[in-house]
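Keep the sequence and the model side by side. The paragraphs below lead from strands to rings, then to a helix and a few backbone details.

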Amino acid sequence: MKTDIQIARETSLKPIQKIAAELHIDASSVIPYGFYTAKIPYTSIVPSCVEEHKLILVTSMTPTKAGIGKTTVSIGLALGLQKIGKNAVLALREPSLGPCFGMKGGAAGGGYAQVLPMEEINLHFTGDFHAVTSAHNMISALLDNYVFRTQNTPQGLKKVVWKRVLDVNDRALRSIVTGLGEGNGVPAESGFDITAASEIMAILCLASDIDDLRRRIEKIILGYRPDNTPFTVKDLGAAGAITVLLKNAINPNLVQTTENTPAFVHGGPFANIAHGCNSIIATKTALTYGDYVITEAGFGADLGAEKFFDIKCRKAGLAPALTVLVVTTGGLKLHGGAQEAELSKPNKEALTRGFKNMDKHVENMRTFGQTVLVVLNKYGYDTDEEIECLRAYCRNTGVPFAVNSAFSDGGAGATDFARTVSGLIEAEPSKPLVFTYQDSDSIKTKIEKICKQVYGAKTVTYHADAEKMLKRISTWGVDSYPVCIAKTQYSFSDDPKKLGVPEQFDMTVREIIVNNGAEMIVAVMGDMMRMPGLPKEPQALRIDLVNGYIDGLA
């Protein structure tokens, strides 16, 4: 089969103005970024359409290191729905350069189920990631200048908690010292997170409009005064400048699929270290123009889907009509005890043992009040026997099941999948969401409900620093904020080696971070890092420019 980039180059794309016109977007609202990409003003959102149209969430079982293929399945479903005559629109996250040049490669789908132009989407795109990086680091520079100018004065700060960000996996920058050398500022310990973990990224994806964006930026906590009261961006006086840097980035990006289906691609927080969803603005823009909108939430359902419901849907007033849980035979075998190098080989015993991981995710999604459809993301090594084994198991346990082969067959490989999806949505009225916790619960209660009810933990313990932070913020009025857990994506627990469905395990909260602008509390679990490192053989070693064409970006 051809590579992703070969398929992308051979696909005939429509001018982006035509894609917009087919959605009935007024031509005056299309802001072109080249021939095949445009920004659509967030003011195009029509609330009545958002309420009327159907939102579909695509999530997954606990992934392998190669992933499970949620984006490919999401795109495949949109293609399949289009094939059967439905008005389908995608709402997806933007890729980060970290994974693109690190372990996973590109994140624009794969095979004949891609969003295009994939080279631009996977690289600099419309500059949204760069705008977030610049805005974040502008705050850092202004803050360092403030500290330098106010040292040894009553206006000085006791502690700075705001780091810098970079959209590159670089472990050497996790902990650094700034201000060394005469006249270069005040020496201080600091560090870098990846841009996808920036609070600015979370704010961009949770803001409802430009005024809300500015309001949230003003609230960002940068450090603490000597009396332990927070020092914010509003105190720094920089909210206006930061809003200016983000004035274009707030508008969602319109592109198309390999079969010219419209797709809004906007925002890119990771789900293991952030809240893992594309922007609320992009989702609502897609719901304005599409009868069926397909979106995905990062990594397994314990991370992405939980945060999608408990954070994004709670704050945006959204409720999916259906949740699609993606599985692969390789993923099931891994969580059934097979070795990672053996996942492409037939192993019915490991496959069936892995059903337990799938069952836990299905059970979790149902506790949110969701109708759940399990879909197999089909690979070339899947055998008919394994597929029928999975199909029979789902039938016997009362879980709807479908197969997606859009990677190799495009929309034609997802028509049965699409019919199953539309049939379930049309047959069952949407149910109200049931959240894991209430706004009125304490932060500790929220953390423990997620850990015990969603992950299955027995106990939750807190490092001294986390306990100290909880005491410090107890009088700040932030208990109503939702909680965003930062933990490994490879296990229900905070230990990536505990596969399947671990039991009787403890989870450890190492750090509590108040994202006051994003209006959420981040609880960092175990050894989770907010700046990833590169693998032994980064994808960057395979990427090159050959005769004017990019090679290896897949």
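Two strands count as paired if DSSP finds at least two bridges between them. Helices (H or I, at least four residues) and strands (E, at least two) are DSSP runs, numbered from the N terminus. This is a predicted model, in which local features need pLDDT of at least 70 and side-chain atom pairs count only at pLDDT 80 or more, while totals for chains, interfaces and linings use all residues. Residues are numbered from 1 along each chain as its sequence is written, and side-chain values use heavy atoms, with hydrogens and water left out.

Start at strand β4, residues 88-92. In β15, residue F264 is the bridge partner of A91. Strand β15 covers residues 262-265; 3 bridges join it to β4, and the two run parallel. Strand β16 (residues 292-296) also runs parallel to β4, with 4 bridges between them. Here V89 has V293 as its bridge partner.

How many of the residues of β4 are buried? Buried means under 20% relative accessible area, exposed means over 50%, and partly exposed lies in between (1.4 Å probe, protein chains only). The count is 5 of the 5, so β4 is largely enclosed by the rest of the structure. In a regular strand the side chains alternate between the two faces of the sheet. In β4 both faces are covered: A88, L90 and L92 are buried on one side, V89 and A91 on the other.

Now move to an open sheet of 4 strands. Its order is β20-β22-β23-β21, and its pairing is mixed. Strands β20 (459-462) and β21 are the edges, each pairing on one side only. On average, neighbouring strands of this sheet are turned by 35° against each other, direction ignored. Axes here are lines fitted to C-alpha atoms, for helices over the stretch in contact, and angles run from 0 to 180 degrees between N-to-C directions. Strands β22 (residues 506-515) and β23 (residues 520-525) are antiparallel and share 6 bridges. Across this pairing, I513 stands opposite V522 in β23.

Next, the rings. Rings of Phe, Tyr and Trp (its six-membered ring) pair if their centres lie within 6.5 Å; planes under 30 degrees apart count as stacked, over 60 as edge-to-face and the rest as tilted. The whole structure holds 7 aromatic pairs. In one of them, Y224 and W476 have ring centres 5.8 Å apart and planes at 35°, so the pair is tilted. It links distant parts of the chain, 252 residues apart: Y224 lies in strand β12 (residues 221-224), and W476 in the loop between α21 (464-472) and β21 (483-486). Y224 is buried, at 4% relative accessible area. W476 is partly exposed, at 22%.

F309 and F368 form another tilted pair, 4.6 Å centre to centre with 35° between the planes. F309 belongs to helix α13 (residues 304-316), and F368 to the loop between α16 (355-367) and β18 (372-377), 59 residues apart. Relative accessibility is 0% for F309 and 2% for F368. F309 is buried, and F368 counts as buried too. Ring pairs join F308, F309 and F368 into a cluster.

Charges also meet rings. A charge sits over a ring if NZ of Lys or CZ of Arg is within 6 Å of the ring centre and within 35 degrees of the ring normal. The charged end of R472 sits over the ring of Y224, 4.4 Å from its centre. K444 has its charged end over the ring of Y462, 4.7 Å from the centre.

Turn to helix α17 (residues 384-396). Its 13 residues reach 18 Å from first C-alpha to last, close to the 18 Å expected at 1.5 Å a residue. The expected span is 1.5 Å times one less than the number of residues. Which residues of α17 are buried? They are E386, I387, C389, L390 and C394. The face turned away from the buried side carries the exposed residues D384, E385, R395 and N396.

Finish with the backbone. L116 and P117 are joined by a cis peptide bond, with omega about 5°. P117 lies in the loop between β6 (113-116) and α6 (118-122). N152 is not a glycine, yet has a positive phi of about 65°. Its loop runs between α7 and β7 (159-160), and N152 counts as exposed at 80% relative accessibility.
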